[in-house]
2 protein chains.
Amino acid sequence: MALIDMFLSRAVTRGQLTLHRPGKPPTTFGTPDAEYGHITIRFADRGVAARIVRNPALAAGELYMDGRLTVDGDDIMGLVTLMKRNDAWENGQQALQPSALVRGIGAVKHRLDRINMERRSKQNVAHHYDLSARLYDLFLDADKQYSCAYYTDPGNTLEQAQDDKLAHIAAKLAIRPGMRVLDIGCGWGGMALYLNKHFGVEVLGVTLSEEQLKIARERAAAAGVADKVRFELIDYRRVEGQFDRIVSVGMFEHVGPPQYRTYFRKCRDLLTPDGVALIHTIGRLGPPSVTDDWTTKYIFPGGYNPALSETIAAFEGLKLFLTDVEVLRLHYAYTLHEWYRRTLAAKDAIVALYDERFYRMWTFYLAGAAQAFEHGGLVNFQIQFSRSRAELPITRDYMIEGERALRGV
Amino acid sequence: MALIDMFLSRAVTRGQLTLHRPGKPPTTFGTPDAEYGHITIRFADRGVAARIVRNPALAAGELYMDGRLTVDGDDIMGLVTLMKRNDAWENGQQALQPSALVRGIGAVKHRLDRINMERRSKQNVAHHYDLSARLYDLFLDADKQYSCAYYTDPGNTLEQAQDDKLAHIAAKLAIRPGMRVLDIGCGWGGMALYLNKHFGVEVLGVTLSEEQLKIARERAAAAGVADKVRFELIDYRRVEGQFDRIVSVGMFEHVGPPQYRTYFRKCRDLLTPDGVALIHTIGRLGPPSVTDDWTTKYIFPGGYNPALSETIAAFEGLKLFLTDVEVLRLHYAYTLHEWYRRTLAAKDAIVALYDERFYRMWTFYLAGAAQAFEHGGLVNFQIQFSRSRAELPITRDYMIEGERALRGV
């Protein structure tokens, strides 16, 4: 039995995977299971199998991008789902992990990558967020919220769920008129504009993406609030001043563990004595680990989804009051499925903007991320803390009540 | 200037402390501050000062118990409050810490203590919880909830707040009729009886305290539910079977860091595949540390209030889904203030039951604990997790709605 057959027979036990490869009859792995389905893949040449066996996490994505691994019906979500469900904790497997040697080398490399000095941070951000604004228009909601939405009902539209996410976070910030708010990693400005619109507050949004900055500023100008909602191209470590509230959505994933303490210390220094911060970040339920090679290479260089233990360990000892940790999981799966659907629908436009290889890379990324939340170990943490003992109410009721008031329900 | 003067002038900067000691005129430390107040203490002999300077955390309590350090008006809460407020994070001080050498020795000793083998666990529990049932009757609420209450309003009575705590936790357990529930560290049985009363479920409560066991069983018999609500004198590590829900209130403080992984692994093994657990435990906002010597010696041998980082680090990698972390702080301060008030009111009865020294020990313990929550770094964590991805709703609304339904509001 070839190594690839051993690998796939371990990786697929529920549901079925049929493999077509040059010079051999088709082989089917797994057992029929209506829920898990049946996926057919094809290897274009004899080199594909060996690369997958050596480092499946890196090779599968690259071979798919290059068209050397194809999925019938172009159903990359189906393939990733089948593999990830079989690999889920509940099923007791970790078949998709690279070998110990590959992991060891990767760990050292990732540690170096994650040191994240300022120049590198900007390059890392540009790699992803300076992609064409047109691309993000094609798969995000109209407000361009590029982070986990909040589904009060799984049947809600993405637009509704992103608006409800803003309400959910705003309620936790317990904002009062006259406050100054800092948005670290402001994206295209949606959160900053929302907080100004609903509370009349001044907001400073900072980003390292020139594309995001340009659009965020245009939006503030168009809304006639450019004097109250300002955006700057600046590293968070260089922000100065004092803010009553800090919000940071989908940015902590780019900070890197060696900088976690710097990040929290900077947040503390930027908060007024009664200040409150809310960090919204992807995290992993498992212990600290490393980002997979494919994601580091193609999607988020320098990116890392923290375990809660390492995040809190960096936070403790800074004389800050941890006030809440919420764990969102399926919300991000729903969000990513919708981004994936919109990406498929926009295939022609994306191929015209870039090329087929980029389109396949993007679908592979979104499918992998969706399944990491749906059947893997990723979640989204909302971590709230304050410099003050007394600023926030003593029960969480204000969060739900504030959110419902903003949603008008 | 004597060492004690240097120590107290550092320890008290806001508010005032006047010290009377043999052979010297009274000395006043600090600055007048109406909010912080003015406390007068007396040293009975010349040995008191040196012992306090050497290890204030241990000596202050012992000297107070022995009547060699007295507080005018017997206001030990006032003294502890003044010291703790001055030592609060916001004020930037850590004056009450013992010397580095004392801390180093303490850390080694505590590490040995915390290994917590079963025989030692039982001794540790007996030390505190096998105190006379009459004592607990004198300062706890009627339901004998010996843990942080839940104040939907700070003006609520302790009885109301303890009942609301049960509702708050029960809602997070998302119990359905027919489920089996395990209560690890069941105390005098209040939680187990509550869950049976409201959901009709079978509950097994386990404790290592013979006093608690006896009373819990009597209560179940008196309520006519002894067939559905059972109590056993058994170490949690020896419990067998499968439970849909696990609740553990005020017990994790006795587990000790070397056993945290054992604890969570045992919880996982005891949960059904759809099982949910809720751990309610005191914790520290600062980094991992050690329990102060006085508390270890007189109140909770083997006890330790965990940092969240070390708790979650022990939890990660066990293939469990962390679903929520709530942080309660002032709730426990309110609870402890009420226990303290009831202790003062029951002074004659407690002295009759034990003696003056025990009474002073108990008031010092409750005052110190109250101030650790009010002005120090202690909080109460409620950590919820599940073996299943799908068992719990995806938003936290069910928690508040369930709680309100149980409270009838």
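This is a predicted model: local features need pLDDT of at least 70, side-chain atom pairs count only at pLDDT 80 or more; totals for chains, interfaces and linings use all residues.
Arg341(A) is partly exposed at a relative accessible area of 48%, whereas Glu338(A) counts as buried at 17%.

## Salt bridges in chain B

Asp33(B) and Arg14(B) form a salt bridge through their side chains (3.0 Å, N to O). Asp33(B) is in the loop between strand 2 (27-31) and strand 3 (38-43), and Arg14(B) is in the loop between helix 1 (3-11) and strand 1 (15-20), so the pair ties together parts of chain B that are 19 residues apart in sequence. Arg14(B) is partly exposed, at 34% relative accessible area.

A salt bridge of 3.4 Å, N to O, pairs Glu232(B) with Arg217(B). Because Glu232(B) belongs to strand 7 (residues 229-233) and Arg217(B) to helix 10 (residues 210-222) of chain B, this pair ties together parts 15 residues apart in sequence. Both are partly exposed, Glu232(B) at 30% and Arg217(B) at 40%.

## Salt bridges across the structure

Over all chains, the search finds 66 salt bridges. Lys172, Asp324, Glu326 and Arg396 of chain A and Lys172, Asp324, Glu326 and Arg396 of chain B are linked in a network of salt bridges.

## Helix packing in chain B

Helix 14 (residues 330-345) and helix 16 (residues 356-374) of chain B pack at about 160°, with axes 8 Å apart; they are therefore roughly antiparallel. The crossing is left-handed. Residues of this contact comprise 14 nonpolar, 4 polar and 1 charged.

Key: Residues are numbered from 1 along each chain as its sequence is written. Chains are lettered from A and ligands numbered from 1 in the order in which they are written. Side-chain values use heavy atoms; hydrogens and water are left out. Axes are lines fitted to C-alpha atoms, for helices over the stretch in contact, and angles run from 0 to 180 degrees between N-to-C directions. Helices (H or I, at least four residues) and strands (E, at least two) are DSSP runs, numbered from the N terminus. Angles under 35 degrees count as roughly parallel, over 145 as roughly antiparallel, 65 to 115 as roughly perpendicular and the rest as oblique. A crossing is left-handed if the near helix is turned anticlockwise from the far one by less than a right angle, and right-handed if clockwise. Ala, Val, Leu, Ile, Met, Phe, Trp, Tyr, Cys and Pro count as nonpolar, Asp, Glu, Lys and Arg as charged, and the others, Gly among them, as polar. A salt bridge is a side-chain nitrogen of Lys or Arg within 4 Å of a carboxyl oxygen of Asp or Glu. Buried means under 20% relative accessible area, exposed over 50%, partly exposed in between (1.4 Å probe, protein chains only).
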